[in-house]
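Visitor: Before we look, I would like each term to be set against its rule, so that I can follow how every conclusion is reached.

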Amino acid sequence: MGKTRHQGPIKLDTSWKPSLWASWMPMGMGKIKPHHIRDTMKVVYENRDNLGYAYRILTQGVCDGCALGVSGLYDQTLTGPHLCSTRLNVLRLNTMPAIEPKWLEDVDVLREMSSVELRQLGRIPYPLSRKPGEKKFTRLGWNEALDRIASKIKGINPKQLAFFLTSRGITNEVYYTAAKMARFLGTNNIDNASRICHSPSKTALKRSLGIGASSCNYQDWIGTDVLVFWGSVPANNQPVSTKYMYAAKKAGTKIILINPYREPAMEKYWIPSISESAMFGTKIVDEFYQVNIGGDIAFMNGVMKIWFEMEDEKPGSAIDRDFVSQHANGLKELRAHVKSLEWKVLEESSGLSRERMKDFALLLARSKSGVFVWSMGLTQHRFGTDNISQVANLAILRGFIGRKHCGVMPIRGHSGVQGSGEMGADPFSLPGGDFEEKSWNRIEKLWGFSIPKWQGDIVGVSIENALLPEGHERKTRLFYTSGGNFLETMPNPDFIKTCLESVELRVHQDIIFNTSTLVDAREEVIILPAMTRYEQPGGGTSTSTERMVYFSAEVEGPRIEEARAEWQIYVDLAARVYPQKKHLMHFDNAQQIREEIAKANPNYDGIQHLKNRGDVFQWGGAWLCEGGICPTADGRANLLAIEVPDLKKPQGHFYVTTRRGKQFNSMVYGKTDPFNNADRYDVLIHPDDARELRIADGENVVVYNAHGTFQGRAKYEATKRGNIQVYWPEGNVLIPKGVYEKYAGIPEYNTAVKIEKADRFHANKDLQYVEKRIEDLDVNVG
């Protein structure tokens, strides 16, 4: 942890600099780009029935979109107001009225709708029930609904009970209460949305640096020598961050993107809140390094191999020898491992030449400071933890840790996820610590009851466990999910649907319907209406990517009459299961929860003082590992030798990964990607790859493997040759089920596929040939 405090927002340099302009055409006329003014007008129209409330949410609440941490219209990075399309897109979730009762009369009608259409129907009005064979939802009272759930919990083994919390504006208070409730009920099967996004980040940073969060701040982007984005497109997912990138460019920072696709959003962006950029756009990325999907480990090993060669010729020319000698372990082993790797292997796996790797190695070696930022392009692999440890290796070797303008940052895409694991809503953690004996003893003393000592399951396994044989002690019989849509987030949707249908009782605690809500359960589906963060009595807190804990006050406005604060639902349920000890799992108000969080997680000592609009503090100081001192057993960072993974791409196949468009998580807000004009069923492919297959731009194609078949259209784009992209969740049918990263449990979202013209695929595949092809793929595809 660090002693230096964050200095607060700094002034943005708004002087015009034509050398950074993306186009001399005013407002980017004729360019493919987001239309911020048009989209803002659309949001105003959608919220026309509650404009006053919408305005108060934007100006008084903490953003429930990405995790940049904007409180009202201001943050801790730059002075001046900030407002982005992501926040505007989710605004209607908070202001819409309740769904009209007529829509609850026929589930078959609802099943014909997409999640977009379901979302537009309105908020869940009151507790609902539907049993197998029933066509309509039946209204329940809260007492009856919770009594049914409590009765089921009493009748099953706690290992057959699983909880999940999404990141839908959920506060630290809710995560903490859920974590405590799960253990109170005797289960460790509790997980959260960060599992599907950033669990390898926490796991890798823990083993490499002893930390589980960003070591630096957004301000460190501004003026660092080099800012590297790895498998991350913040211009799309965290739009306000483009202001930080603009400020960094003005300060002389060189920005690099390492990604299989030359992202248009990172090449040129029109920032609406900066007049110069709104008018002429901004060139953001200085250089692209297009690696193969999954080729990052090989690329980074190549960079280090060049560094060690440079060190042999001139000690100190590439590695910060003083930092490493004083603050790191494992240099000798890492050097031996990297030197043993063959260039041919590194080039084939990474997709980049030795010379190209040297370009990047020299750039970093000549930089005195650097910040490395990454997202799901690195984490969502079966070797995601190793990906992140490689990034940490580079930062440690260059001494880019624990000081100004330096650090490693897993940038968060949702406002709630950083706090989820820190509150203990995770099978591998408890509040303020890992799931281990010293944490058990500390938490049991605070909570006053024993917690289960067995290892809980990640959410993917909990869902799959619904298919275990009757009588199995870990067969999931009750699945309780706060938000989430597993049909549109997990690989292989058909398999996931079968799993969800196999659960005896499924509880959906949410604010809206989605396609998962409509799936049958063996006995019953119960739906509970939740409040948004802006409705919760006593307010709530959320933790940003840079560890800022913000207080979001309750915002005055209309309410869904029977919706309840999520932490209150958990407290009430626990009291019904074990009434004789309900005093151990009781909170009267949100302030009491914050006071207990401060005791349960020492890093959060200070959260109890957050009571008013605008209150914020940062745990851990400006820089974790300040001065190179890491919170590891010996205070030193750990360099790790990482093997080059077998990417398992058979001859004639492509790597495929999934891409987001105009959406927030699984919530799609537009059929067209504003950055490349692609629609949801376009397959992004390099023109040369397509031409070799005699596939024209816009032609119908079939992408297939042993796991599924995806029908779409070819779209010529600047992807890395041999690599294609499909949109998520539409392309999830291609992703293998049940493949999880061995350290952190994240699902694999990349695989090998074949592509053919649609007419050729359908005309030339007889059954025998298809079966033989799939049999071959079963052998070769990981």
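Visitor: How do you know how many salt bridges cross the interface of domain 1 and domain 2?

Guide: The rule, which asks for a side-chain nitrogen of Lys or Arg within 4 Å of a carboxyl oxygen of Asp or Glu, finds one salt bridge across that interface. This is a predicted model, in which local features need pLDDT of at least 70 and side-chain atom pairs count only at pLDDT 80 or more, while totals for chains, interfaces and linings use all residues. Residues are numbered from 1 along each chain as its sequence is written, and side-chain values use heavy atoms, with hydrogens and water left out.

Visitor: Why is the pairing of Lys 206 and Asp 434 called a salt bridge?

Guide: Their side chains meet at 3.9 Å, N to O, and the limit is 4 Å, so the pair qualifies.

Visitor: What makes a residue count as part of the contact between domain 1 and domain 2?

Guide: Contact means heavy atoms within 4.5 Å, and by that rule 13 residues of domain 1 are in contact with 16 residues of domain 2.

Visitor: How do you know how much area domain 1 and domain 2 bury between them?

Guide: Buried area is the accessible area (1.4 Å probe) that two parts lose on being put together, summed over both, and here the result is about 1,100 Å², 40% of it on carbon and sulfur atoms. In domain 1, Cys 197, Thr 545 and Glu 546 lose the most area to domain 2, together 49% of what that side buries.
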